[in-house]
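Dear colleague,

Here is the structure I said I would pass on. My notes on it follow below.

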Amino acid sequence: MVEQAVAAGVTRLIAVGVDLDRSANAVSLSHAYEEVWAGVGHHPLELTDPDIGAMRQLAQDEMVVVIGEIGLDFEHIGGPHRDLQVQHLDDLFRLATEVDLPVSIHNRGASTELLTVISKHSGIRGVMHYFALDWGWAQRFLEVGFYLSFAGLVTRPSRDELREVVKHCPADRLLLETDSPYGNAQKRMSIPNRPAYLLDTAEAVAALRGISLEQLADQERQNAITLFQKMK
Ligand SMILES: [Zn+2]
C-alpha cells in the first residue's frame, strides 16, 4: 500500500493508532517505511481507559508526530459514557501538551463539548480529522487554531455544505486525508480505501478552490510540516 501510494505521488503518510496495540503497530510501520510517520491514540469508542503511561512512552519515539486519533463520539451507541469520554480526552490533551505534539480529533455529535475541552487547554494545537460539518462549525474550530482535514466525503453528491467549507477554509489551515480503509470517494464506494486514493480528494479540493493540483500539493505539504513538526 505504501508503494502504491508513493507511485501515485502520496509521499507522506501518517498511520494513526486507535488503541495501544495499533499505536505500537503504527510506530513499527513508521520505522519500516521512510514515507510513514505515526500517531499514538485512543479512540473515544474504546471501552478500556487509555494507558497514559504506556502511551507517553510510545509517543516519545522520534517518528511519532501526533496524538491521535482521540476525540468524542456521542453518535455511535455502545461506547463509554459521554462524561467518561470527556475525562479521557482531558487526560489525552494533557499528554499531548506534555510530549509537545498536536492532536488529531475524531468528532461525532460532540462539537460543543469538544470546544469546551479545547478551551481548557491553552496551547493545544491540532486537526479536526475527517471534517464533516458546516461552515458555522468550521469557523469555530478555525478560531481556536485548529486545522480542518478533508477526506473522500467531499466527493459525495449530498455534501454541498461540506464543499462550501472546502471553498472557504484558509489555505494555511487545510489538510487532506483518506481515513483509509474508510472514507472513500464517491467513485470507489464499493472497495476499501487506500492512501493512494488521496488523489480523488485532492483533485476535488483543487477544483473547488480553483487552483492546480500542484499548488494544492505544495500548500498541503507545507501545512503538514507546520502542524506535524517532526514530519520533515
Ligand atoms: Zn475518526
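The largest nonpolar core of this predicted model has 64 residues. Ile14, Ile67 and Leu148 are the residues with the most contacts inside it. Strand E3 gives the most to this core, namely six residues. Leaving aside residues up to four places away in sequence, Ile67 touches Gly39, Val40, Gly41, Ala59, Leu92, Leu95, Ala96, Leu101 and Val103.

The sheet is open and has seven strands in the order E1-E2-E3-E4-E5-E6-E7, with parallel pairing. Its edge strands are E1 (13–15) and E7 (174–176), each of which pairs on one side only. On average, neighbouring strands of this sheet are turned by 35 degrees against each other, direction ignored. Helix H4 (residues 82–99) packs on the sheet, where it touches E3 (64–73) and E4 (103–108). The direction of H4 makes about 165 degrees with that of E3.

As for E4, five of its six residues are buried, so this strand is largely enclosed by the rest of the structure. E4 pairs with E3 in the parallel sense over five bridges, and His106 in E4 is the bridge partner of Gly71. From E3 the chain crosses through H4 to E4, a right-handed β-α-β crossover.

E4 also pairs with E5 in the parallel sense, over three bridges, with Ser104 opposite Val127 in E5. The chain crosses from E4 to E5 through helix H5 (residues 111–120), and this β-α-β crossover is right-handed. E5 (residues 126–128) and E6 (residues 147–150) pair in the parallel sense over two bridges; there Val127 stands opposite Tyr147 in E6.

Regards

Key
Residues are numbered from 1 along each chain as its sequence is written. This is a predicted model: local features need pLDDT of at least 70, side-chain atom pairs count only at pLDDT 80 or more; totals for chains, interfaces and linings use all residues. Two strands pair if DSSP finds at least two bridges between them. Helices (H or I, at least four residues) and strands (E, at least two) are DSSP runs, numbered from the N terminus. Axes are lines fitted to C-alpha atoms, for helices over the stretch in contact, and angles run from 0 to 180 degrees between N-to-C directions. Two residues are in contact if their C-beta atoms, placed from the backbone, lie within 7 Å. A nonpolar core is a set of buried Ala, Val, Leu, Ile, Met, Phe, Trp, Tyr and Cys residues joined through C-beta atoms within 7 Å. A residue is buried if 20 or more other C-beta atoms lie within 10 Å of its own, exposed if 12 or fewer, and partly exposed in between; C-beta atoms are placed from the backbone. A crossover is right-handed if, with the strands pointing away from the viewer, the path from the first strand over the helix to the second runs clockwise.
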